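I opened my notebook for this structure with two topics in mind.

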Amino acid sequence: MTNHGHLDRRSLLLGAGALGAAQLLPSNAMAQTPKRGGAFRVGISDFATSDSLDPTLVETQFSQHLQWQLRNNLVEAGPGGKLVPELAESWEGSKDAKTWTFKLRKGVTFHDGKSLTPADVVHSFNTHRRDGSKSMTKPILAQIAAVKADGPDAVVFELIDGNVGFPALTSSVGLVIIPDGDTDYRRGMGTGGYILEQFEPGVRSRVKRNPNYWKAGRGNFDTVEMICIKDATARANALLTGQLDAYNAVDPRTVALLERNSAVRINRVKSKAHFAFPMMVDQAPFASNDVRLAMKYAIDREEIVKRVLGGFGSPGNDHPLSAAYEFYDGSIPQRAYDPDKAKFHLAKAGEASLRVQLHVSETPFSGATDAAVLFKAHAAKAGITVDVVKEPEDGYWSSVWNKRPLCTSRWSGRINDDVLLTLGYSDTGTKAGWNETRINSPRLNAIVAEARKEFDTGKRRALYSEAQRIIHDDGGSNIFAFADFLDATSRKLAFGELAGDWMLDGCRASERWWFA
Amino acid sequence: MHGVLAMIAQRIALGIATLFVISMLVFLAVDMLPGDPAEAILGQSATPASVAALRQELGLNKPLIVRYADWTAGMLRGDFGRSLANDRPISELVAPRLGATLSLAALAAAIALPLGVLLGILSTVHRDRALDRVASTASLLVISFPEFFTAYMLVACFSVGLGWLPAISLSSQGGFLETLTMLALPALTLSLAVIGYVLRMTRAAIMGVMASPYVEMARLKGVGPWDVVVRHALPNALSPIINVVIINLAYLVVGVVVIEVVFVYPGLGQLLVDSVAKRDIPVVQACCILFAATYIGLNLLADILALLANPRLRRPRHREARA
C-alpha cells in the first residue's frame, strides 16, 4: 500500500466508474427516473440481537435502515447534509430561533390507513421526552420546553433557548414519526415506503413496498431483505455469488480484489466518521497543554491513513469537523508529524521522558490496534513511550472509553456542527457523559451557545472557525483520521448522489435506490 | 437387567445435577463480565440517565441471588423468561435457532458418521495398502486445517468459482431442496472435520482388537480379512467407536460457532455469541443449558449404548482393566 502508483490507479478507476455512470444518463434517460420493482437484498455488518423497532433504542445501522424503511422523519438529511422536507412540507423559526413551526404534509397515511396528524408528531417526540424514558435522543431534546399541535396541520416547538439548527435535529433517526398513542413498536407502524413482513433481530428483516407511499420515485423495490453478516469475507462472497445486491463496510484490503469483478461497484464516500486517541485534559500528564501538543506532533497521520485505512481516508487535524460539515475551516494549518517539535514541547512541559498507557480494542474501529502500535513507533522517535494496553472488545464503551485518560475512540459524525460540538466539547456534553476529553473552555461553551442562535451564516462561520482553532490548539483530541465509507454494490443498482452521513447512502439505500 | 436400569437411573440423576451446577457457573461467569446489559444494549450513546432507566426496567437492580432464583424457578416451570435485549420470549428466540443447529448437525452427521466408520473399517481391511495410506494422510490433513479455512476453500471453489452452491446459508423459507442446497457447504465443512476423527478412531479401535488371540485364531482358521474385521473384531471394538461417534455428534451441535459465522447461518451458537456481547444473561443461560443438556444427554446415550454393546461393562465388579 506504500506504492503511490497503486493508489493513483485506484482513484483513476473510481473516476472511470463515475464517468461510466455519467455516460449512462444521456443514452438512457430512464435511468434518471427511478424504476419500480425487484427484490433488493442487502448485507449489513452492524447489528445486534437487541435490535428493535423502538425509536428510542436505535443503536445499530441495521435498525437505522429498518426505521427508515418503515417510517419517516419531519425532515430528511439529504446528500451533502442538505435538509429535505419529508413529513413536514415546510418549517419556520421565530427571530430568536426559539419557536419553530412545522407545517405537515397533507394526505399522508400510515400503513394501516390512518391519516397523519399533528398529534402523531407530538406523541413521537414525547415518547423520548417523558420521564423514565431510556431514549438516547433525550439529551438532545432537553432543549424543548413544549411541543404542541397548532391547528389541523402544524406542530409548534417551543425551545428553552434559540437554536438555528433545530430543523436538522428532527432528521435524526430516533425522531421518526409513529402514530399517536403507539407503544407496540414491534408492528413497525409508520408512513414509510415499506411495510414490515418479518423481523428477526440479529438475523434478518423483510419488508414489502407500501403501495400507498406518498413520495414519488421513492421506495422503489418490491421487497427489501436485510441480512445480518458480521464476517467481512462472507459479505463479499455473498455479493460475488449474487446472493446480495449490496453490502456495507468493505474491508479496505479487499477493494482491489473486488474491483476485478466487473459486476461489482465500490462506492467510496467521504464521511464525517473520525478516529481519535482522546486525552483527558483534567488528568495527569495531559493537564499540560505542552504534553498534549507533544502527543499531537508525535503521530504520523499520513502513515496511519495509508496503512490502517488502506488509503481510504484523510488525515485528521485534531478537531472533529471534516470537510463533510458545513462550517469546516480548511485554513487551519494541517498538523504534521514532527518529532523535534514534540521533544520541544515535552521539554517545555518539564517531562524528560514521557510514558503513557494507550488503551485500545477493535470495538471503536477495526484496525485500532494497528493504529496504536504505529503511534507507539512514531512517538518513540520523539522520546515518548506509548504502552499499548489491549482491552476486551466487549464492554469497551462502558469500561474503558471515557474512563481512561488515554484510549481509542470513534465518532460516526453528527447531523450538524452544533450537535457535534455540543455533545463532544461543551459543558452540556460533559453532563451528558459525551465529552471524552473533558475540555472545559468557557470561550468554547460560549461560542457553541452563541452560534446556535445566530441566523447569519457568515457570523456562524466565524464562530465555528474559532471553535475549531481552540480545539486544534488547546484541546485533548488527537484526531488522526477521517475514514471514507466503502460500500459494495451490484452494477444493476442505480442511484443519485450518495449521502455521507452513514454507510449505504445515509442508511437510506432502500428508500432512494432502484434497479436500473 | 435390573442392575442396568439402576445404573442408567443413576447416570441420569448425575446428569441433572451437572446441569444444575453448570447453570450456576454460567450465571456467575456472565455476571462477572465487564459492563452490564443496560450499558451493552445502549452502546456508546449510553447516558447515565438512560442506563439507569433501562436497568430499572430490566430488573437489574435486584441482587444476583434473587435474579438467579427467579430464573431457575422459571426454567423449572418450562419458562425460559424474556430476553433482556429485545424483550421477546426466549423460547421464541431459541426454538428456530435450535432447529437450525440441529438440522445442520443432522445433515453433517448423516454424511460424516457412516462414511467415517466405513472408511475406518476399509482402512483396517486394507491395512498398510494404498487406500489405508491415502485415507490416513487425507484425514490428518483435514483435521489439521482450521475449520474456517476449509469453509473458505469450499466457498471459493463451489460458490465463487463454480457457482453451484450458495456462499451464505440463510434460506428464505424455501422448500426441502432449497434448504438442502443452503446446508450443503456448511454440512460438508463439518463433515470433513468429523470424518477424519471417526475414521482414525475406528481404525485404532479395531486395530487394538486385532491384536487379540481370538482374532489370531480366526485368521489361522483361514477367515478372510473382511470377515475377520467385520464379524470378529468390530463387535468388540464397538464401544470405543460408539463413544467417538457420539462425542463428534455432540461437537456438531455445540462446536459449530465458527461455521455459523462464516456461512451466516442463524444457529444457536451465533445467538450465544451475539447475546454474550449484549450481556443478555437469560438468553446466554438458555443457550448454555441447551448446549450442556445436549452434551450431557449424548454422553449418557454413549454410556448406555456402550453398556448394551459390551456385556462386561454391566458387571462393574468383574470389569477388566482395559487398555
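**Helix pair in chain A**

I looked up helix H15 (residues 442-453) of chain A against helix H16 (residues 457-474) of chain A: they pack at about 155 degrees, with axes 10 Å apart. The model is predicted: local features need pLDDT of at least 70, side-chain atom pairs count only at pLDDT 80 or more, and totals for chains, interfaces and linings use all residues. Residues are numbered from 1 along each chain as its sequence is written, chains are lettered from A in the order written, and side-chain values use heavy atoms without hydrogens or water.

H15(A) and H16(A) are therefore roughly antiparallel (angles over 145 degrees). I noted their crossing as left-handed (the near helix is turned anticlockwise from the far one by less than a right angle).

I then listed contacts (heavy atoms within 4.5 Å). On the H15(A) side I found Arg443(A), Leu444(A), Ile447(A), Glu450(A), Ala451(A) and Arg452(A). They meet residues of H16(A), including Leu463(A), Tyr464(A), Ile470(A) and Ile471(A). By class, this contact has eight nonpolar, no polar and five charged residues.

**Chain B overall**

I turned to chain B, which has 13 helices and zero strands (DSSP runs: H or I of at least four residues, E of at least two). Its C-alpha atoms fill a box of roughly 85 × 60 × 35 Å along the principal axes. Of its 323 residues, 46% are buried (under 20% relative accessible area, 1.4 Å probe, protein chains only). Among contacts in chain B between residues at least 6 apart in sequence, 72% join residues at least 24 apart.

How values were computed:
Axes fitted to C-alpha atoms, helices over the stretch in contact; angles between N-to-C directions. Parallel < 35°, antiparallel > 145°, perpendicular 65-115°, else oblique. Nonpolar A, V, L, I, M, F, W, Y, C, P; charged D, E, K, R; others polar. Buried < 20%, exposed > 50% of the residue type's maximum accessible area, 1.4 Å probe, protein only.
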